[in-house]
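Please keep the sequence and the model open while reading.

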Amino acid sequence: MTKEEKLLLLNQVFSPTTPIKQKDFFIGRLSQLTKIMDAINEEGQHAILYGERGVGKTSLANIMVPLYTNLFPTKITCTRDDNFKSLWLQAFNSIQFSTTTTGIGFNPQQKETIVSLGQHFSRIDTVAPSDIVNFIRNFNTTKFLFIFDEFDNITTKKTRASFADLIKSLSDNSDNVTIVLVGISDNVEDLIGNHQSLERCLKQVKMPRMTDEESSEIITNGLAKLDILISEKVKKNIIEFSSGFPHYVHLLCKYGAKEIISNEKNEFNQAYLQIAIKIGIENSNEQLRSSYQKAITDTNGNSKWKSVLHACAMSVSDQFDCFSVSQVLDKYNSMTGKKVKGGNISYNLNQLCLSERGDVLKKIGKGVNTRYRFINPMMKAFVKLKINCT
Ligand SMILES: Nc1ncnc2c1ncn2[C@@H]1O[C@H](COP(=O)(O)OP(=O)(O)O)[C@@H](O)[C@H]1O
Ligand SMILES: [Mg+2]
């Protein structure tokens with residue numbers, strides 16, 4: 001491969017900001033994929049895929065679509081402006097088929113027209129769950145799969161309740177359709193509300209952060225395609241920095257590999273990792289960079305804000321990623337060599353929960369039970385990169 005060919009391939013192999021579209025580049029996630037496929041194959045079952053931002057939900061939804069040849073798969077991305085009708089209109093509009101009609105006269109011509117299922121709904125003012133159930137019933141020899149991604153953008157209670165009603169009703173009445181909802185959430189209730197009637201018909205699939213083995217496979221597979229070698233130690237470092245977010249694995253590998261290919265080298269060593277961290281940070285999400293900047297800014301040039309934030313990212317945390325004042329204090333003192341007391345740090349932690357300080361942390365609990373966590377879990381990984389950027 002020439003240098004130019006490798007640089008071209010690089011963008012396909014490592015894609016930090018675009019979800020995976022092809023199965024060849026999709027790593028791991030077998031258990032989550034199997035659970036969803038089981039739901040699709042089981043009559044009356046639907047599924048909800050939820051998890052943190054950036055763990056790979058859309059990628060999984062993308063690669064699922066072409067796996068099916070015996071059904072009509074449709075993927076819709078929900079926006080804040082969508083409602084029940086607009087979402088189903090998009091869903092049905094994307095299912096197109098051709099019909100042939102015969103003209104009139106002695107020598108009638110066959111005319112082929114493309115029609116979409118959505119035409120039926122565009123004329124109706126309001127669409128209720130029962131309309132969808134009845135409409136789908138007309139096509140009982142066809143199987144449908146509807147995936148609604150970014151369902152967390154649907155915040156109106158009414159639209160969410162309509163989806164809940166629809167799923168329940170489809171589960172009782174239709175065996176030719178599966179709905180898969182996908183969205184950012186810590187739990188299912190936050191996405192669709194508390195509907196006990198959905199318990200049996202909606203399979204809950206949590207998309208966790210990636211395991212070290214899965215992250216490792218992204219690195220090994222991707223770099224092998226580009227003829228680049230990497231030591232176990234550097235690979236381990238990338239996995240640690242990424243904290244289970246495939247986005248960071250792609251980011252660091254992309255910018256490291258780009259530099260290596262440009263220099264016509266073939267080894268991803270510690271020096272290239274340093275370059276990858278630096279360029280990776282510059283190309284990180286704008287929101288993360290600006291929050292970080294707000295959090296650490298000090299008009300007097302005092303570095304305390306920065307040190308407290310760094311201590312938060314490095315401190316011991318519980319299974320929910322929460323940490324206490326004393327845990328941050330321990331880290332702060334060991335990182336700075338100072339001996340400050342808890343009250344002193346509490347002030348900074350509370351301020352870091354405000355928008356003036358970038359909305360970085362969230363405070364949970366009161367008094368002795370006070371805990372903090374990063375609002376955006378990817379921020380923690382970003383801060384760790386910053387600490388290691390020399
Ligand atoms: N299974 C996977 N294998 C390789 N890369 C992945 C995988 N899942 C996600 N990624 C990468 O991680 C990043 C975030 O994935 P995405 O699907 O957009 O996450 P989410 O929808 O959960 O926010 C993207 O850059 C994507 O290419
Ligand atoms: Mg997504």
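Which residue of β6 does Leu-49 stand opposite? Leu-49 stands opposite Val-182 in β6. The structure is a predicted model, in which local features need pLDDT of at least 70 and side-chain atom pairs count only at pLDDT 80 or more, while totals for chains, interfaces and linings use all residues. Residues are numbered from 1 along each chain as its sequence is written, and chains are lettered from A and ligands numbered from 1 in the order in which they are written.

**Overall layout**

- The protein has 17 helices and 11 strands; helices (H or I, at least four residues) and strands (E, at least two) are DSSP runs, numbered from the N terminus.
- Its C-alpha trace spans about 95 × 60 × 35 Å along the principal axes.
- Three domains are assigned: domain 1 (3-15 + 211-282), domain 2 (30-206) and domain 3 (286-387), with bounds that come from an automatic or database domain assignment.
- Between the C-alpha centres of domain 1 and domain 2 there are 37 Å.
- Of the 390 residues in the protein, 36% are buried; a residue is buried if 20 or more other C-beta atoms lie within 10 Å of its own, exposed if 12 or fewer, and partly exposed in between, with C-beta atoms placed from the backbone.
- Among contacts between residues at least 6 apart in sequence, 70% join residues at least 24 apart; two residues are in contact if their C-beta atoms, placed from the backbone, lie within 7 Å.

**The five-stranded sheet**

- Five strands form an open sheet in the order β2-β5-β6-β1-β7, with parallel pairing; two strands pair if DSSP finds at least two bridges between them.
- β2 (72-77) and β7 (202-206) are the edge strands, each pairing on one side only.
- From one strand to the next, the twist averages 15°; axes are lines fitted to C-alpha atoms, for helices over the stretch in contact, and angles run from 0 to 180 degrees between N-to-C directions.
- β2 and β5 (residues 144-149) run parallel and are joined by six bridges, and Thr-74 has Phe-146 as its bridge partner in β5.
- Five bridges join β1 to β6 in parallel.
- β1 also pairs with β7 in the parallel sense over five bridges, where Ala-47 stands opposite Lys-203.

- Six of the six residues of β1 are buried.
- His-46, Ile-48 and Tyr-50 point one way from β1, whereas Ala-47, Leu-49 and Gly-51 point the other way.
- Helix α2 (residues 30-41) lies across β1 (46-51), β5, β6 (177-184) and β7, and runs at about 170° to β7.

**Leu-89 in helix α4**

- Helix α4 (residues 84-93) contains Leu-89.
- Leu-89 counts as buried because 22 other C-beta atoms lie within 10 Å.
- Leaving aside neighbours within four places in sequence, Leu-89 is in contact with Gly-118, Phe-121 and Ser-122.
- Leu-89 and Gly-118 are 29 residues apart along the chain, and their C-alpha atoms are separated by 5.3 Å.

**Helices α11 and α12**

- Helix α11 (residues 246-262) packs against helix α12 (residues 270-282) at an angle of about 120°, with the axes 8 Å apart.
- That angle makes α11 oblique to α12, because angles under 35 degrees count as roughly parallel, over 145 as roughly antiparallel, 65 to 115 as roughly perpendicular and the rest as oblique.
- Residues of α11 that meet α12 include Leu-251, Leu-252 and Tyr-255, and among those they meet in α12 are Tyr-272, Leu-273 and Ile-275.
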